[in-house]
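Subject: Structure for you to look at

Hello,

Here is the structure I promised to pass on. Please open it next to this email, and then read my notes below.

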Amino acid sequence: MDHDDVLTLFDRRMRQHAEGGERIGDVVRHAGAEGDWNGIVWSALDRATADAAIARQVRYFTALGRDFEWKLYGYDQPDDLGTRLRAAGFTPEPEETVMVAEIDGLPTGVQLPDGIRLETVTDAAGVELLVDVHEQAFGTSGARLREQLIAQLAQTPATVLMTVAMAGDRPVCGARMELHPGTGFASLWGGGTVAAWRGRGIYRALIAHRARIAAANGYRFLQVDASDQSRPILHRLGFAALSTTTPYVYETSARSGPKS
């Protein structure tokens with residue numbers, strides 16, 4: 001896999017021409033339905049245009065009353081764009097590593113520990129299991145995630161796969177995959193394992209499970225925004241780092257005060 005070629009392909013297909021994206025000048029934004037993800041997926045700015053572009057997007061999403069995210073990649077310009085976003089009121093979340101693998105080079109045999117089964121999420125009850133895993137694995141609130149997953153189930157069920165690993169009636173690992181038609185890429189999201197169940201191969205099994213489904217649907221690449229925890233596992237499986245990405249979050253709700 002040629003690093004530069006794949007990064008160029010990823011940038012063009014998954015960012016510049018992102019499904020549901022709207023090109024506004026030198027910015028591509030995604031304004032989803034209520035509960036969906038909202039944010040900036042691509043930009044081509046410079047020091048002369050960046051501040052005005054940021055201000056326009058803040059005004060746009062504030063008028064909609066929606067929190068949104070600016071996905072800043074390591075190669076985006078200008079090189080002080082992160083500083084400018086913070087000055088405009090955005091809060092950075094932890095940096096992640098953009099990793100990609102060719103699916104035909106990945107293991108697709110699912111090997112689960114005894115007593116673990118995989119279940120596909122199809123309803124609100126399944127979403128609650130995924131959110132439970134998220135909160136236990138990452139120690140953060142799943143409120144925003146719950147809203148997003150319910151919206152995805154309703155709006156794009158054919159291109160979103162949500163899976164939870166169960167030990168009896170307890171969810172112990174969960175993950176999602178989004179298929180991006182026409183791009184060759186499927187993206188993996190939310191992989192997390194409850195602390196007591198780590199180190200048993202469940203996370204790797206969920207990657208193989210999703211890789212097998214993506215391959216069956218004709219996709220060439222799997223892409224992950226990897227945390228520090230998952231990056232070593234993904235590297236051992238054959239994923240390569242393309243860049244970094246940092247989510248910068250703007251909370252319009254925090255600035256508008258309580259609603260009457």
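How many helices and strands are there in the protein? There are eight helices and twelve strands. Both are DSSP runs numbered from the N terminus, with H or I over at least four residues for helices and E over at least two for strands.

Before the details, a word on the source. This is a predicted model, in which local features need pLDDT of at least 70 and side-chain atom pairs count only at pLDDT 80 or more, while totals for chains, interfaces and linings use all residues. Residues are numbered from 1 along each chain as its sequence is written, and side-chain values use heavy atoms, with hydrogens and water left out.

Overall dimensions

The C-alpha trace spans about 55 × 50 × 30 Å along its principal axes. The radius of gyration is 18 Å, which agrees with the value near 18 Å for a compact globule of 260 residues. That radius is taken over C-alpha atoms, and the globule rule is 2.2 Å times the number of residues to the power 0.38.

Buried residues make up 48% of the 260. Buried means under 20% relative accessible area, exposed over 50%, and partly exposed in between (1.4 Å probe, protein chains only). Among contacts between residues at least 6 apart in sequence, 72% join residues at least 24 apart. Contact means heavy atoms within 4.5 Å.

The cores

A nonpolar core is a set of buried Ala, Val, Leu, Ile, Met, Phe, Trp, Tyr and Cys residues joined through side-chain atoms within 4.5 Å. The largest one has 21 residues. Within that core, Met177, Leu222, Leu234 and Phe239 touch the most other members. At least two residues each come from β6 (96-102), β9 (170-179), β10 (185-193), α6 (202-216), β11 (221-226) and α7 (231-237). The largest share, four residues, comes from α6.

Phe239 is worth a click. Beyond its neighbours within four places in sequence, Phe239 is in contact with Met99, Val100, Ala101, Leu106, Leu188, Ile207, Leu222, Val224 and Leu234. Another core, of 16 residues, lies apart from the largest one. Val27, Leu85, Phe90 and Tyr250 are among its members.

Around Leu45

Leu45 is in the loop between β3 (38-43) and α2 (50-64). Is Leu45 buried or exposed? Leu45 is buried, because its relative accessible area is 8%. Not counting residues up to four places away in sequence, Leu45 touches Asp26, Val27, Ala50, Ala53, Trp70, Gln77, Pro78 and Leu81. Leu45 and Leu81 are 36 residues apart in sequence, yet 8.7 Å apart in space, C-alpha to C-alpha.

Ser43 lies in strand β3. Ser43 is buried too, at 6% relative accessible area.

Now look at Pro78, in the loop between β4 (68-73) and α3 (81-87). A cis peptide bond joins Gln77 and Pro78, with omega about 0 degrees. Most peptide bonds are trans.

A buried histidine

His180 sits in the loop between β9 and β10. His180 is buried, with a relative accessible area of 14%. Leaving out residues up to four places away in sequence, His180 touches Met14, Glu19, Phe185, Ala186, Ser187 and Tyr219.

Best wishes
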